[in-house]
Every structure is written in C-alpha cells, then in structure tokens.
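Dear colleague,

Please find below the structure that I am handing over to you.

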Amino acid sequence: MNNKTFIQGLAKRTGATQEETQKMVFSLIDAMNENFQEGKAVTFPNFGTFDVKKRMERIVVNPVTRQKMLVPPKLVLNFKPIAAIKKELKQGGQENE
C-alpha cells in the first residue's frame with residue numbers, strides 16, 4: 001500500500017476530505033518524529049509500541065573477500081506489536097474459529 005491509497009482509504013473511513021486526512025497523517029508522523037528525536041517511545045493502544053533503540057558497533061566480514069569491516073553504532077526504529085497481533089500473524093493472518 002502506498003501513501004496515496006492509504007490516504008484515500010482513511011479519508012473514506014473517516015468521512016474527511018483527502019486533503020484533511022493527509023494533513024492529519026503528516027501531523028501524526030511529525031509528532032511521532034519529535035518523540036523519537038527525544039528518545040521517547042510512542043504507544044498506540046490495541047496496536048503496539050514504536051521506540052528508538054541504539055544498535056552497537058559491530059564487526060562484519062565480507063563473505064567474498066573475507067575482509068573485516070567495522071559498522072558504526074546507529075539508532076534504529078523498533079516496533080513491538082501487542083500480543084493479539086503477534087498471535088494472529090503467527091497463525092498466518094487467519095483468526096481462530
């Protein structure tokens with residue numbers, strides 16, 4: 001799903017115009033980004049938690065040349081879904097009947 005289809009679907013569900021919906025989505029993303037910059041997690045009830053984690057520096061080996069390289073530390077965005085979503089995904093996306 002790309003941005004355009006996401007905005008269209010969300011606008012249809014909420015009854016708002018596509019322009020209003022796009023502004024709301026961009027505002028949400030900006031607010032989330034501000035929290036990530038401050039090192040804070042963002043939690044959505046009944047969905048999951050986004051947080052920033054620091055990946056430590058590590059040594060990797062090129063399998064062809066066997067040359068060792070140092071990968072510097074970096075910040076990565078992490079998502080942890082709620083247990084119900086994890087369970088549904090493990091079952092292939094099909095609900096238990």
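This is a predicted model: local features need pLDDT of at least 70, side-chain atom pairs count only at pLDDT 80 or more; totals for chains, interfaces and linings use all residues.

**Strand pairing and hairpins**

Val60 stands opposite Met69 in S4. Strand S3 covers 58-61 and strand S4 covers 68-71. Six residues lie between the strands of this hairpin, and Arg66 takes a positive phi near 60 degrees there.

A second hairpin is formed by S1 and S2. Strand S1 (residues 42-44) pairs with strand S2 (residues 48-55) in the antiparallel sense, over three bridges. Within this pairing, Thr43 stands opposite Thr49 in S2. Three residues separate the strands of the hairpin, and Asn46 has a positive phi near 65 degrees.

Strand S2 also pairs with strand S5 (residues 74-81); eight bridges join the two, and they run antiparallel. Here Thr49 stands opposite Lys80 in S5.

**Two residues with positive phi**

Which backbone angles deserve a second look? Most residues other than glycine have a negative phi. Asn46, which is not glycine, has a positive phi near 65 degrees. Asn46 lies in the loop between S1 and S2. With 70% relative accessibility, Asn46 counts as exposed, because the cut-off for that class is over 50%.

Arg66 is likewise a residue other than glycine with a positive phi, in this case near 60 degrees. Arg66 is placed in the loop between S3 and S4. Its relative accessible area is 66%, so Arg66 is classed as exposed as well.

**Charged residues**

How many salt bridges does a search of the whole structure find? The search finds one. It is formed by Lys40 with Glu38, and the closest N and O atoms are 3.0 Å apart. Under the cut-off of 4 Å, this pair therefore qualifies as a salt bridge. Lys40 counts as partly exposed, at 43% relative accessibility. Glu38, by contrast, has a relative accessible area of 52% and is exposed.

On the surface there is also a patch of positive charge, in which Lys53, Lys80, Lys86 and Lys90 gather. Lys90 is placed in helix H3 (residues 83-90). Lys90 counts as exposed, since its relative accessibility is 75%.

Phe6 is placed in helix H1 (residues 3-14). Is Phe6 exposed, partly exposed or buried? Its relative accessible area is 37%, so Phe6 is partly exposed: the value falls between the limits of 20% for buried and 50% for exposed. Phe6 and Pro45 are 39 residues apart in sequence, and their C-alpha atoms are 20 Å apart in space.

With kind regards

Note on methods:
Residues are numbered from 1 along each chain as its sequence is written. Side-chain values use heavy atoms; hydrogens and water are left out. Two strands pair if DSSP finds at least two bridges between them. Helices (H or I, at least four residues) and strands (E, at least two) are DSSP runs, numbered from the N terminus. Patches are made of residues with over 30% relative accessible area and no salt bridge: like charges are joined within 9 Å, nonpolar side chains (Val, Leu, Ile, Met, Phe, Trp, Tyr) within 5 Å. Accessible areas come from the Shrake-Rupley method with a 1.4 Å probe; for residues, only the protein chains shown count as cover. A salt bridge is a side-chain nitrogen of Lys or Arg within 4 Å of a carboxyl oxygen of Asp or Glu. Lys and Arg count as positive and Asp and Glu as negative; His and the chain ends are not counted. The place of a charge is taken as NZ of Lys, CZ of Arg, CG of Asp or CD of Glu. Buried means under 20% relative accessible area, exposed over 50%, partly exposed in between (1.4 Å probe, protein chains only).
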